[in-house]
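Biologist: I would like to learn how to read the contacts in a model like this one. Could we go through them step by step?

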Amino acid sequence: MKFRFLKDKFFKHLMFMCIVFSISIVFLMLFGLFIRSLPILQQKSFSDIFLSGTWHPLRGEFGFAPFIVGTLWVTVVAMVIAIPLCLLTAIYLSEYAHRRVTVFLKPFIDLLAGIPSVVYGIWGVLAVIPLIRDYIAPLFGVRSTGYGILAGGIVLGIMVFPIIIQICVEVFQSVPKELREASLALGATKWQTIKHSVLRKALPGILAAIVLGFSRAFGETMAVLMVVGNVPKIPKSIFDCAYPLPALIANNYGEMLSVPLYDSALMLASLILLLLVLIFNILARLILIRVERSTQ
Amino acid sequence: MDCQSHICVNNLNVFFGKEHILKNISLKIPDKKITAIIGPSGCGKTTLLKSFNRLIDSYDGVKVTGEILVDDENILHPNIEVTHIRKKMGLLLQNPYPLPMSIYDNVAYGPRIHGIKNKKKLDEIVEHYLKQTNLWIEVKDRLNAPASRLSVGQQQRLCLARGLAVEPEIILGDEPTSALDPISSKVIEEKFQELSDNYTIIIVTHILRQAKRLANYVIFLYLGELIEQGTAEEIFENPKEEMTKAYIQGKIS
Amino acid sequence: MDRRKIEEKIFLFLMRISAILIVLSLILILFTIIAKGLPSLNLAMITQTPKGGYYLGKEGGILNAIMGSLFLAGGATILSMLISLPVVIYLNIYAKKNSKLSEFIRFSFDVLWGIPSIVYGAFGFTIMLFFNLRASLLAGIIVVALLILPIMSRTIDEVMRMVPAGLIETSYALGATKLETAFKVVIKQTLPGIITAILIALGRGIGDAASVLFTAGFSDYIPNSLLKPAATLPLAIFFQLLTPIPEVQERAYASAFILTAIILIISIVSRIITNRFSKNLIK
């Protein structure tokens, strides 16, 4: 009889250890990547690393500026495409669409969330690149191979559709029905109710969804790597090639141990990526927790 | 059937999916009186109330037959413009739901929606209706504060002011005092009595004593059927139906 | 018609257009992969490993990558389950409901979920350097297990939170300990949800490329030991696409088709499981 309780106690502690272990991964990551990037941080000045635009690992020059700027460009283009489309679709799904439509659309969007990024990348190469090369770039009078920021942005934008739509729909559903009724009862149309009351109430949640989408796009590697062109220069227009941080890390892991400081530089790139994504995620999750609390 | 009163219901049936919520309801609501809809919970009181301004439209799988005449116009007719029906009726829900904006904007919300842009005119409207709901003195220095910072009782009065600001002829209340403290409840009840000189008021309540205190006219629903309707004296002193008698004496609930 | 009606009509139109655009782009992706991949697909692709000169257009297939991905994702899923089940049971049975602690744990897992897979890969690489390990199936399994740990935990957690408190209390009332309640009542009750979560995590494990780039390596052989490097499908696609030879690029499309098919089958199976088995459960 006693054994049952001992077993219960033992497993309780074991389970708690599992939790401690899981959560400690974040700290282990920060610590491990920091230790590995120490050499470059000690040998180079802050401005050499973050403000310089020259990337010549063989000459020992590691300027991150082109990569940071490239990441931002691609992510911003992706968000410009994704935000309006996702927001409108989420409003449609949660407020207007008939049940028959949502029953079909929601699983479809879930399905897309599961498609691997390499597949998105292949699609980018097969469909988006020719589209930009043959139609969009000539339209603006630019000669382009198709590879570049715009291609990366389009592919990434489509990749973040599911996450932004899913969270936005959840946020809209957490807005109490009574709030809508209060506005409708005053004679507001459905759209006025959404515009003036529902969207306002849902604003923090929408922001969180956007931040999460942004950070997903920010860290996405393979799909972007395949379509942005990977040229380590600061881009000047959306038809230029770029070289985002994740692509830099993925592309050069093979040779990084043979060039001094190269591995340290790539680990620093990972650390920067991790820190930024952590900040975005923590902010967004805190907002979502507050949203959830305020509706309970 | 001719109809002198504001609201007149003929053979109303409401279904949610396969569930028959309201069965063949026919009634007349007297003008400029307080009408109380009473009955045990789940009997369809709220559904009846929300049929009056067609808020039930937004529920999934709802089907409505029969007619509801408001000023001799059948509001269930598919071609009718719902927003103008709703404008005629203010609604107070169980819990106050201030809109996510300032106190001022809450009251100004309705008038703005209906096209009043003039700032001076809006100021007047806001002041007028906040005074009418005894809220002006309490909030006049913080009109731009979010409405969610008010106490629950104040919020409910704000919701009343917001409803009155679109100049309705009818006020609907869905157990409007059930979430309030006794003092705020008293204020709301007194307001209703004052307002009944100029407005037709319909409240849903499960508190019998509240119905006795307020109502001039009473409608008793039981499991979706209209059991009895009549003046407050008739229903409370001299009910015709056994069921009504049993409910009023607390034998069924 | 008044102005506000027109405004509503315009926005409703825009919403429909957006929804259609999103659905279309997604259908287009599937269509492109099928249209380009299917013609280049042949039996050798899925039954043979690369022969000499495969990447120059000679004979062979990508069985090494298919098996490598299945071993890797399967191993990672099992490993990750060994950690996430205890985590979720603790959260839902032992920890107090809605306490600060459980809120913090859920929050941490959500944050873990957001970390990009390339960072997991880089982190795995630092660990390998620390222990002086070479790229191998085992290293890949460990990193992918960490990557899918938050996904699996939070998905199972969402299912377990739905278990009615009354059901758990009934078990306590019969004198069961928390552990017995967890295994005999809660896990039984949530089994379809747990299987779905496992399948979702498996799909993620098969599809992820960035994390295994550093850690699992690549090999033309089907791995016969945990310490050998292993090929994975996403990386096979990536490498084949990088070659300048058109026939090999065609194979990349075919491989992408295979990968997409595997992922779609997994997610459809998980959907069927959720729909079929959730009917016999106590709500």
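Biologist: Which side chains meet in a salt bridge with an N to O distance of 3.8 Å?

Modeller: A salt bridge is a side-chain nitrogen of Lys or Arg within 4 Å of a carboxyl oxygen of Asp or Glu, and here the side chains of R285(A) and D110(C) form one at 3.8 Å. Across the interface of chain C and chain A, the rule finds 4 salt bridges. This is a predicted model, in which local features need pLDDT of at least 70, side-chain atom pairs count only at pLDDT 80 or more, and totals for chains, interfaces and linings use all residues. Residues are numbered from 1 along each chain as its sequence is written, chains are lettered from A in the order in which they are written, and side-chain values use heavy atoms, with hydrogens and water left out.

Biologist: How much area do chain C and chain A bury between them?

Modeller: The size of an interface is often given as the accessible area lost when the parts come together. With a 1.4 Å probe and the loss summed over both parts, chain C and chain A bury about 7300 Å², 81% of it on carbon and sulfur atoms. The contact (heavy atoms within 4.5 Å) takes 80 residues from chain C and 78 residues from chain A.

Biologist: How many salt bridges does the rule find between domain 1 and domain 2 of chain B?

Modeller: Bounds come from an automatic or database domain assignment, which gives domain 1 (1-88 + 170-253) and domain 2 (98-167) of chain B. Between these two domains the rule finds 0 salt bridges, while the buried area is about 1100 Å², with 70% from carbon and sulfur atoms.

Technical notes
Buried area = accessible area lost by both parts, 1.4 Å probe.
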